[in-house]
Amino acid sequence: MGQSHAVKRNKQIAKTIAFGALSVAMYTILFMNSAVVMTYFTKGFVYAALPILTAFAFSFVHGTFAGNVWSLLGIEAAQKRPETRPAAQPRPAQRKRPRPRVYLNT
């Protein structure tokens, strides 16, 4: 059977708190170890992927947290309705246009 609204809301609150805490922890670790981060992020070669992977990780965690906060506040994205097109009407037959003629006026 389906879960009650209160149980779903409690799970969403728990997820929001967990992702918020994870986001704060990631930022704290990043700023507390900025010297180590700069050492590895500026080495080049394979280490060049580290800033990209870090940005993706931060984006995912913070984005999930923010999305859950908006959902808890009751703000949801608008759902697009599929457009209903009118029934296609047959096109009239193409008529051949007469070629333009050049006339000489004397």
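Tutor: What follows covers ring pairs, a surface patch, a loop residue and some helix contacts, all in a predicted model.

Student: How many aromatic pairs are there in the whole structure?

Tutor: A search of the whole structure gives four aromatic pairs. One of them joins Tyr-27 and Phe-31, with ring centres 6.3 Å apart and planes at 20°.

Student: Stacked or edge-to-face, that Tyr-27 and Phe-31 pair?

Tutor: Stacked, because the planes are at 20° and the cut-off for stacking is under 30 degrees.

Student: Where are Tyr-27 and Phe-31 in the helix?

Tutor: Both are in helix H1, residues 5-32. They are four residues apart there, so about one helical turn separates them.

Student: Buried or exposed, Phe-31?

Tutor: Phe-31 counts as exposed, at 60% relative accessibility. Tyr-27 is partly exposed, with a relative accessible area of 33%.

Student: Which aromatic pair does Tyr-27 form with Phe-58?

Tutor: An edge-to-face one, with 4.8 Å from centre to centre and 70° between the planes. This pair links distant parts of the chain, since Tyr-27 is in helix H1 and Phe-58 is in helix H3, 31 residues apart. Phe-58 is buried, at 13% relative accessible area.

Student: Change of topic. Which residues form the nonpolar patch on the surface?

Tutor: Val-36, Tyr-40 and Tyr-47. Together they have about 270 Å² of accessible area. Val-36 lies in helix H2, residues 34-41, and is partly exposed with a relative accessible area of 45%.

Student: What sits over the ring of Tyr-47?

Tutor: The charged end of Lys-43, 4.9 Å from the ring centre.

Student: And Phe-45, where is that?

Tutor: Phe-45 is in the loop between H2 and helix H3, which covers 49-72. Phe-45 counts as exposed, with 78% relative accessibility.

Student: What is phi of Phe-45?

Tutor: Near 55°, which is a positive value in a residue other than glycine. Most residues other than glycine have a negative phi.

Student: Now the helix contacts. What does Thr-16 touch?

Tutor: Leaving out residues up to four places away in sequence, Thr-16 touches Phe-65, Asn-68, Val-69 and Leu-72. Thr-16 is in helix H1.

Student: Why call Thr-16 buried?

Tutor: Because the relative accessible area of Thr-16 is 7%, and buried means under 20%.

Student: What about Asn-68, buried or exposed?

Tutor: Buried, at 11% relative accessibility. Asn-68 is found in helix H3.

Student: How far is Gly-67 from Thr-16 in space?

Tutor: They are 8.7 Å apart, C-alpha to C-alpha, and 51 residues apart in sequence. Gly-67 is found in helix H3 and counts as partly exposed at 31% relative accessibility.

How values were computed
Residues are numbered from 1 along each chain as its sequence is written. This is a predicted model: local features need pLDDT of at least 70, side-chain atom pairs count only at pLDDT 80 or more; totals for chains, interfaces and linings use all residues. Side-chain values use heavy atoms; hydrogens and water are left out. Patches are made of residues with over 30% relative accessible area and no salt bridge: like charges are joined within 9 Å, nonpolar side chains (Val, Leu, Ile, Met, Phe, Trp, Tyr) within 5 Å. Accessible areas come from the Shrake-Rupley method with a 1.4 Å probe; for residues, only the protein chains shown count as cover. A salt bridge is a side-chain nitrogen of Lys or Arg within 4 Å of a carboxyl oxygen of Asp or Glu. Helices (H or I, at least four residues) and strands (E, at least two) are DSSP runs, numbered from the N terminus. Buried means under 20% relative accessible area, exposed over 50%, partly exposed in between (1.4 Å probe, protein chains only). Rings of Phe, Tyr and Trp (its six-membered ring) pair if their centres lie within 6.5 Å; planes under 30 degrees apart count as stacked, over 60 as edge-to-face and the rest as tilted. A charge sits over a ring if NZ of Lys or CZ of Arg is within 6 Å of the ring centre and within 35 degrees of the ring normal. Contact means heavy atoms within 4.5 Å.
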